[in-house]
Amino acid sequence: MDATPFLPALSGLEPDELQRVLAPLEKFRAKQIFKWIARGVADFDRMTDLSAALRADLAARFRVRSGEVSETLESEDGTQKIQIRLRDGAKIEAVLLIDGEGRKTACLSTQVGCPMRCAFCKTGTLGFLRNLDSSEIVDQFLFLQDAAGPISNIVVMGMGEPLLNLDELSKAIAVLSHPDGLGLSKRRFTVSTSGIVSGIRKLTASGPDVRLAVSLTTADRALREKLMPVTKSDPLPELKAALAEHQKVREKRITLEAVLLGGVNTRPEDAAALADFARGLDIVINLIPWNPVDELGIEGKAFVEPSESEVQRFERMLEARKLAVTRRYKKGRGVAGACGQLGSTLTDD
Ligand code: SAH
Ligand code: SF4
């Protein structure tokens with residue numbers, strides 16, 4: 001049995017919160033501790049500008065980070081996936097992606113599992129277990145940086161629906177972008193949602209100034225209701241209205257992600273519906289060929305990967321409608337770390 005008492009982690013707190021939690025503590029001390037954590041120091045004993053007495057007191061009452069890396073997997077293209085074991089035994093995953101120019105991007109999770117149950121997504125099959133707190137989100141970044149060195153971009157596209165955990169995500173973003181710490185620009189964060197209208201409105205009204213991506217997948221209502229059940233509670237016209245409002249306030253291009261399922265959502269009518277949805281918005285469409293997950297499908301029919309020619313044909317249909325299109329390459333597949341495959345190693349033990 002684990003007799004270690006539960007100690008709260010400090011990594012998810014901004015300097016002024018640190019000062020409050022550690023009161024009485026001078027402001028400059030809180031700032032020193034914050035800087036050490038941002039620099040990757042995970043042990044109070046290495047915070048050498050604090051007195052031995054303070055270090056001992058901190059170690060008795062707190063931990064720096066909230067979990068530990070339980071597994072690291074690396075694929076041939078340089079992608080790394082880490083599995084983190086949280087203090088309650090729950091496991092989450094985070095992925096490091098490296099692009100052609102050597103730029104590093106961290107893909108972070110926001111929930112253990114996910115309640116949205118999109119038909120094509122592995123994480124969705126786990127169901128929802130719990131939200132992560134801000135330190136559990138920050139720690140994913142810190143663990144990836146321990147292994148890979150400085151990371152410049154963050155995509156919140158791992159396990160879970162970020163806009164259902166916007167408060168803790170916002171705290172984590174405030175910590176990671178804080179000028180006394182890592183100072184990552186908010187524009188280097190992209191938050192991806194399945195299309196939660198109330199969450200988008202909340203982000204617009206009071207959330208951090210990050211980039212927004214929406215997993216549209218198809219704008220054909222009947223098909224989207226089958227692929228993404230959120231469409232029933234949050235219909236497409238309301239989603240579009242929330243995006244238009246967001247764009248009016250934030251003045252940033254929005255990404256529409258489309259996971260392409262072979263023979264399902266690559267028809268001419270899907271291209272037409274996407275173009276219709278995009279009208280009046282400043283958007284770029286990111287095509288994501290579906291990464292295979294066993295036993296997923298709709299109406300008794302298993303999903304299949306789209307062929308290369310099918311993807312190209314669909315891309316041309318969109319371009320013919322004057323839409324900006326990009327494609328996500330299949331990084332990380334070797335470690336099951338590509339999007340939508342997260343969670344596939346979680347239930348093995
Ligand atoms: N829950 C959020 C963010 C995490 S999912 C969201 O849905 O946007 C990140 C992206 O992976 C989404 O665009 C999702 O549509 C996509 N995705 C899910 N399963 C996939 C799969 N098997 N292959 C490729 N992409 C997938
Ligand atoms: Fe959740 Fe995103 Fe997967 Fe849908 S695609 S089940 S919202 S993680």
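Biologist: At what angle do helix α7 and helix α10 pack?
Modeller: This is a predicted model, and the values are computed from it. Helix α7 covers residues 197-206 and helix α10 covers residues 236-250. Their axes are 9 Å apart, and the angle is about 10°.

Biologist: Is α7 roughly parallel or roughly antiparallel to α10?
Modeller: The angle between the two helices is about 10°. Angles under 35 degrees count as roughly parallel. Therefore α7 is, relative to α10, roughly parallel.

Biologist: How many charged residues are in the contact of α7 with α10?
Modeller: Residues of α7 in the contact include R201, and those of α10 include E238, E245 and R250. Divided by class, the contact has seven nonpolar and two polar residues, and the charged ones number four.

Biologist: How is α11 placed relative to α12?
Modeller: Helix α11 (residues 268-278) packs with helix α12 (residues 308-320) at about 40°, and their axes are 9 Å apart. That angle makes the placement of α11 relative to α12 oblique.

Biologist: Which residues of α12 make the contact with α11?
Modeller: The crossing of these two helices, α11 and α12, is right-handed. From α11, the contact uses P268, D270, A271 and L274. From α12, the residues are F314, M317 and L318.

Biologist: How many nonpolar residues does the shell around ligand 2 have?
Modeller: The residues around ligand 2 are C114, M116, R117, C118, C121, G124, G160 and S194. Cys and Met count as nonpolar, whereas Gly counts as polar. With three polar residues and one charged residue in the shell, the nonpolar ones number four.

Methods: Residues numbered from 1 in each chain as written. Chains lettered and ligands numbered in written order. Predicted model: local features only at pLDDT ≥ 70, side-chain atom pairs only at ≥ 80, totals over all residues. Heavy atoms only, no water. Axes fitted to C-alpha atoms, helices over the stretch in contact; angles between N-to-C directions. Helix = DSSP H or I, 4+ residues; strand = E, 2+ residues; numbered from the N terminus. Parallel < 35°, antiparallel > 145°, perpendicular 65-115°, else oblique. Left-handed = near helix turned anticlockwise from the far one by under 90°. Contact = heavy atoms within 4.5 Å. Near = heavy atom within 4 Å.
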